Amino acid sequence: MIRYNPKIEEGLNQNQVNYRIKNGDYNYNSDVKTKTIGQIIFYNVFTLFNILNLCLGLLIFWVGSYKNLLFLGVVICNTLISIIQEIRSKRAIDKLSIISSVNANVIREGKSKIIKIEEVVLDDIIIYKRGNQIIADSIIKEGTVEVNESLLSGEENSITKKVGDMLYSGSFVVSGKCTAKVEKVAINNYASKITSEAKYVKKVNSEIMNTLKKIIKIISIIIIPLGIILFLRQYNIDKSITDAVVNTVAAIIGMIPEGLVLLTSTVLAVSVLRLSKRKVLVQQLYCIETLARVDTICLDKTGTLTEGIMEVEDIVVLNDKYDYKKILCAMSRELSDDTPTMDAISRKFNKKTDFKCLEIEPFSSNKKYSSVTFKEGKYILGAPDVLDNSDEMKELIEKYSDNRLVLLKSKKDNIALILLKDKIRFKASNTLNYLRKEGLDIKIISGDNEKVITRIAKRVGFNDIRCIDMSKNHTNMNHQIVENYNIFARVSPEQKKDLIKALKNNGHTVAMTGDGVNDVLALKEADCSIAMASGSDAARNVSEIVLLNSDFDAIPKIVEEGRRTINNIERSSSLFLTKTIYATLLAIIFLFVPMDYPFQPIQLSLVSTITIGIPAFILALEPNHERIKGNFFRNVLKKSLPGGLTIVMNVISVMIVAKIFNLSEEIISTMAVILVAITGFILLYKICYKFNILRKILYIVLIIIFLSCIIGLHQVFELVLLKPIFIIFIVLVSILDVGLFNFISDICEKRIFKYKK
């Protein structure tokens, strides 16, 4: 293989780049991975329940009962809705991913050029600075940096890299700046597995997903053996293959909650679309739910509460024998630390000097200082309380506590105290007030000293300030510390992670916002991580949500969207699970009752569409910002069990009357269908209460549609027009249903599923 050794100030030329691309020596694609349209269609079509429904449809087709194939129409519609919504969501994510994608700063033909990282080729000259992710194994040609290789080795300590050292892909620059030559690309990289996935992936903490998996697993285990036994039982009753198949299929399709799975994916996809319009990139679908369940949110000060922009407000000269201006100009030229503090100093002191640099020690968030050794001497910039713990310095820190302070000193003398000021983000106070109002416990964590962070906290509306200096706390994070304090100063990156872990161990669901490399460990540990797009590549790559406008004010909208999603899915899920409960119980009952199953597939399709399918999808898209309470499965079961048990009691009462008066199968089916629908409307009434205009219209229209079908289209649905005596029976049972429904609901609410805070 031909290798190039370009000068670092010139880089590769276009012919060399073209040659590399032609030979496949270019880097991987690191865009956030989404399914292809083909994959979306495949995974939505070939689901367990779709395949089962198709098999049931083939059985119905085989026995020639074609009108009972209507249930497949519902399955097809649900699948199409899910596919369309997920494709729309994919396109929105892909567009936003382009906006937030990581780029590379390379030198080509003597010019600095920003390119996509998949366009980086072997032997490219690339510039890395603080916050950048190493995108390809590279050897340093100029400069010094500190890197964090925790994503590769698990070792969390920063490592200093100098000229001649190798930078490995997947690691992050913690401090400093360097120019390096790309040594390996794509699958040849040391961290090819990590880089091919483009970002850190952690286990999803989703109650909804876990609950749906449990429901599907349970139903999958019992549905086939139960169906086979029920078929044999039904065939044994009247010796008709057609009737046995139709009755069994009706029982099984009632047990399948296929609409529940599709509803969940559809609602989440709609949430992603809504958030994308607010320039919020959701990199993990179920994190919307996780954020809505959060009870504690940890905020990194710099870049979250503040804009990360510092300004030099004043200089306090401590020793006038030094020319502090000349020293700061020389240091700002040599130090390439891409930090807000250094940026502010560089903007203020940017004149040329004749100082000759001998050695550079870049800034580290662990050391809290940086230094440059010149021929004229060694000078240090850093946190005053770290560099000097004298009483005199403590008095100065106290005096200028309204500012962020940076001490300039030589080996022996303090030279000057630099006073800087943060710029608070617009509407940060409003956002914090919203989070407090919604019951979230807010923790502010920062590497700054106690005075600075307390001052910022007061400016954003913190009243109950309980601050701790973590540099003085050498013990492990414990449950008392994280609960007793709400502001944590002088926190190291490892301590940030330990703080999140301690909160989780205390039973909290924790969100973390950040924008810097020093936040990466904590962002990875949090249940839900939120990064600012203006921050480091590292923070964006490990976060599930990226605020593309770096607008902290977007967080309330994400919380509200999550609450809308969970509450609506929970409410609509109770409709689907009601059907699963009564269908499963009836299937078991009719294993022992010597009577035909009272429903046909087309009849259940009618009832399910009107009392479950249509209202579930409409109600699932309504605004709903109520706080999340309790366990998802318990909440759904609490709402669905009364309806399911009431319907079972209704069918049993119909079967008893049918046995006494020797009623025909058509009359039995008609009464059973009407009573199932009435109970469905009772449940829907409970769910829709309190009624708004949309719910009133929906409720009335659904009743009209149902009445039109059982009266005008009764022959299509294998129903008959009932005599007055049977109508009176239905009215009486319906009145009893209201009492029975409320009685079971009361038991579920106060006895079985009592909510414990």
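Lys497 sits in helix α19, residues 493-505; helices (H or I, at least four residues) and strands (E, at least two) are DSSP runs, numbered from the N terminus. The model is predicted, so local features need pLDDT of at least 70 and side-chain atom pairs count only at pLDDT 80 or more, whereas totals for chains, interfaces and linings use all residues. Residues are numbered from 1 along each chain as its sequence is written, and side-chain values use heavy atoms, with hydrogens and water left out.

Lys497 has a relative accessible area of 13% and is therefore buried (buried is under 20%, exposed over 50%, partly exposed in between; 1.4 Å probe, protein chains only). Its C-alpha atom is 9.6 Å from that of Met477, 20 residues away along the chain.

Strand β1 has two antiparallel partners, β2 and β3. Two strands pair if DSSP finds at least two bridges between them.

| Pair | Residues | Bridges | Facing residues |
|---|---|---|---|
| β1 and β2 | 103-108 and 111-116 | six | Asn105 and Ile114 |
| β1 and β3 | 103-108 and 125-129 | three | Ile107 and Ile125 |

The hairpin of β1 and β2 has two residues between the strands, and Glu109 takes a positive phi near 55 degrees there.

Ile41 belongs to helix α2 and, at 38% relative accessibility, is partly exposed. Together with Ile37, Phe42, Tyr43, Val45, Phe46 and Ile51, Ile41 forms a nonpolar surface patch with about 640 Å² of accessible area. Helix α2 (residues 37-45) supplies the largest share of this patch, five residues. Patches are made of residues with over 30% relative accessible area and no salt bridge, joining like charges within 9 Å and nonpolar side chains (Val, Leu, Ile, Met, Phe, Trp, Tyr) within 5 Å. A salt bridge is a side-chain nitrogen of Lys or Arg within 4 Å of a carboxyl oxygen of Asp or Glu. Accessible areas come from the Shrake-Rupley method with a 1.4 Å probe; for residues, only the protein chains shown count as cover.
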